[in-house]
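Reader: I am new to this structure. Please show me how to read it, feature by feature.

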Amino acid sequence: MSRPVSRVLTLLELLQAGGVRTVAELAGRLGVGERTVRRYVDHLVDLDVPVESVRGRYGGYRLAPGHRIPPLMLTDDEALAVLLGLVAGRRAGITGAAGTAAETAAAKIRRVLPERLRHRLDAVLDSLAFTSAPQEPPAPDAAVLLPLADAVRHRRPVAIRYTGGSGKGGERTLYPYGLVAHAGRWYVTGRDLSVAEDRTFRLDRVAGARVLPGTFAPPPGPGPAERVLTALATAPYRHEVTVRVRGTAEEVRALLPGSVAVVAAEADGGEPGRAGAADGPWCRVEIRAERLDWLPGVLASLDRPFVVERPDELRGLVADLADRLRDAARHTPPHGGRRTADHGRAMAGMKGGGATGEG
């Protein structure tokens, strides 16, 4: 690359750092005269890069919004951050674009990287392993996501075409409070004017979004993320579970996901039939579930006293789990000493980081 072209690209990189750069500052960074800096700026303008001149004592040059994205100059660290962000976002299911768009964006970045850096980034991506399975939910359409985000920021009503889980579709008018990404899916939460209630909608079920005239004031209370978690936890399911757990609401919330359980402090603070305040505070936990078989283990993992209020079936499942745990605790390992010692050494090796070997 010739030195003038290299310096023009360096000038673009300096301007992309943001703010106004004086001609004297740019001349010093590029090692050229001020007239040459102005000539380099003209080269960028000829390439449709939106560089604008700022007059005044502290004037100079800066990048302005343009009709297309100018060439991006990324450092090694920035290129690595962008590529890892695309990979992680695609795996987590929260990339705000179709999978092909994320893949083509990553391919364009890798294509223009210097060979030295490309090989180093490929080594990172090839050696990177994830402990969680990739999420593959449908990504929100940019034609839906961007208008909704604009309506949220400027407190504008929005009309959406939505298809519910039953397959029934229609247009809704919404006061959108916020966008939330949770468990690989995108949601918008707000006031559904057709039913005059707060609702939560999945973005992958929204076929179109149109910002409407007017404004609204968001209500006081929980933020968008808490509203979405509460909506997921209170959605209709086969079983409605109520359990009372000893502890403050904050302590119990830290043990149960907000999308699974709704936790509220008890007004009297004590368990009926007992000393009440002497036992410490209690709280009420409400859970909606399609199946009950997983709940006894969750309740046992809380390691706190609890009382099942409903349903009766859950009490039987908790008792069955307690019997199985009691029976397992009474059993002794077969074959005695040598087997037990070997098993103990194996477990110690696992806790220390796995089996050891030569090499």
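Predicted model: local features only at pLDDT ≥ 70, side-chain atom pairs only at ≥ 80, totals over all residues.

Reader: Let us start with helices. How is a packed pair described?

Author: Two packed helices are described by the angle between their axes and by the distance between those axes. Now take helix 2 (residues 23-30) and helix 3 (residues 34-46). They pack at an angle of about 95 degrees, and their axes are 9 Å apart. Angles from 65 to 115 degrees count as roughly perpendicular, so helix 2 is roughly perpendicular to helix 3.

Reader: Which residues of helix 2 and helix 3 meet?

Author: Helix 2 brings V23, A24, L26, A27 and L30. Helix 3 answers with E34, V37, R38 and Y40. By class, this contact has seven nonpolar residues, two charged ones and no polar ones.

Reader: On to sheets. What should I know about a strand?

Author: In a regular strand, side chains alternate between the two faces of the sheet. For a sheet here, read the strand order. Five strands make an open sheet, in the order 6-5-4-3-7, with antiparallel pairing.

Reader: Which strands are the edge strands of that sheet?

Author: Strand 6 and strand 7 (206-211) are the edges, and each pairs on one side only. From one strand to the next, the twist averages 45 degrees.

Reader: How many bridges does strand 7 share with strand 3?

Author: Five bridges, with strand 3 (residues 158-163) and strand 7 paired in the antiparallel sense. As one case, Y162 has V206 of strand 7 as its bridge partner.

Reader: What about the other edge? How many bridges pair strand 5 and strand 6?

Author: Six, again in the antiparallel sense. There, Y187 has R202 of strand 6 as its bridge partner. Strand 5 and strand 6 form a hairpin with four residues between the strands. In that hairpin, A196 takes a positive phi near 55 degrees.

Reader: Which strands does helix 7 lie across?

Author: Helix 7 (residues 142-154) lies across strand 3, strand 4 (169-182), strand 5 and strand 7. It runs at about 40 degrees to strand 7. Helix 8 lies across strand 4, strand 5 and strand 6. Its direction is at about 115 degrees to strand 4.

Reader: What joins strand 9 to strand 10?

Author: Five bridges join strand 9 to strand 10 (residues 282-289), and the two run antiparallel. A265 stands opposite C283 in strand 10.

Reader: Last, the largest pocket. How do I read one?

Author: Ask about its space, then its lining. The largest pocket holds about 720 Å³ of space. Its lining has 24 residues, and T200, A231, L232, A235 and P236 lie nearest the centre.

Reader: Which elements give two or more residues to that lining?

Author: Strand 5 (185-192), strand 6 (197-202) and helix 8 (224-233) do. Strand 6 supplies the largest share, five residues.

Reader: How do the lining residues divide by class?

Author: They divide into 10 nonpolar, seven polar and seven charged.

Notes. Residues numbered from 1 in each chain as written. Heavy atoms only, no water. 1 Å grid on protein atoms, 1.4 Å probe; cavity = no way out; pocket = protein on both sides within 12 Å on 5 of 7 lines; lining within 4 Å. Points joined across faces, edges and corners; volume = space filled by probe spheres on them. Nonpolar A, V, L, I, M, F, W, Y, C, P; charged D, E, K, R; others polar. Axes fitted to C-alpha atoms, helices over the stretch in contact; angles between N-to-C directions. Parallel < 35°, antiparallel > 145°, perpendicular 65-115°, else oblique. Contact = heavy atoms within 4.5 Å. Pairing = 2+ DSSP bridges.
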